[in-house]
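Dear colleague,

I am passing on a structure that I would like you to look over when you have time. My notes on what was found in it follow below.

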Amino acid sequence: RHVKKLEAMQAHCPAIPTTLQANLRDYQIEGFRYLSRLAYWGIGACLADDMGLGKTVQAIAFLLEQAEKGPSLVIAPTSVCFNWCDELAKFAPTLRVYVLPLQTQNRAAMIAALGEFDVLVSSYGLLVQEEAAFLEKDWHVVILDEAQAIKNNATQRWKVATALKGACRLALTGTPIENHLGELWSLFRFLNPGLLSSLKNFQQRYALPIEKYQNELAIRALKKC
């Protein structure tokens, strides 16, 4: 099934949504198409451009393309959440944007009521606090901004993030690896469970040979993943 989808994906050349209120640069157009193709294929995508290259606007173009298929969720650090709201209002005014409120009694009802063309913006902290409501919802798109926030697979935020139900998963980060290769495994466990095998196998096959012995075969094998 994956091979057939991969073959069909070669001819998939998505158009920039007409409702996007922005002129994308060539590399941003390619970034949007990359996200769209992987969603068409049915796998998660990591957009790891450097800071300032417009990861957010590429993701917003993707949200517009997918909006009619169901609700979207954007998880970001608290300091970035309102920037997302501003950018969505500016570049995608046809989307309905919600921020999870401080009043706990209203959160579960808001999440349950979300539908197509709706985008909920939430912090990582509230993701953990409202775990039950988030995990019960069938999201179409789930975006983790500053996705290195889930680099530690022993944290509750990683456990909740990886348990989310999302047809399309996207991670935005300028620093997918900050300390060691285990952080890369944590990120891709959210995006594509099983791609890098279990953590134990990943450590034995890639992390230890690369970090301790700089093994070229392991490095090339990991790049091919």
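Is Lys165 buried, partly exposed or exposed? With a relative accessible area of 37%, Lys165 is partly exposed. Please keep in mind while reading that this is a predicted model.

Lys165 takes part in a salt bridge with Asp138, in which the closest N and O atoms are 3.4 Å apart. Because Asp138 belongs to strand β5 (residues 138-145) and Lys165 to strand β6 (residues 165-172), the pair ties together parts that are 27 residues apart in sequence. Asp138 itself is exposed, its relative accessible area being 54%.

The count of salt bridges comes to 5, and another of them joins the side chains of Asp118 and Arg96, at 2.7 Å from N to O. This pair links distant parts of the chain, with Asp118 in strand β4 and Arg96 in strand β3, 22 residues apart. Asp118 counts as buried at 6% relative accessibility, whereas Arg96 is partly exposed at 42%.

Those two strands, β3 (residues 96-99) and β4 (residues 118-123), also pair with each other in the parallel sense over 4 bridges, and Val99 has Val121 in β4 as its bridge partner. Between β3 and β4 the chain passes through helix α5 (residues 104-113), in a β-α-β crossover that is right-handed.

Helix α5 also holds Arg107, which is linked to Glu130 in the loop between α6 (124-129) and α7 (131-136), 23 residues apart.

Definitions and conventions:
Residues are numbered from 1 along each chain as its sequence is written. This is a predicted model: local features need pLDDT of at least 70, side-chain atom pairs count only at pLDDT 80 or more; totals for chains, interfaces and linings use all residues. Side-chain values use heavy atoms; hydrogens and water are left out. Two strands pair if DSSP finds at least two bridges between them. A crossover is right-handed if, with the strands pointing away from the viewer, the path from the first strand over the helix to the second runs clockwise. A salt bridge is a side-chain nitrogen of Lys or Arg within 4 Å of a carboxyl oxygen of Asp or Glu. Buried means under 20% relative accessible area, exposed over 50%, partly exposed in between (1.4 Å probe, protein chains only).
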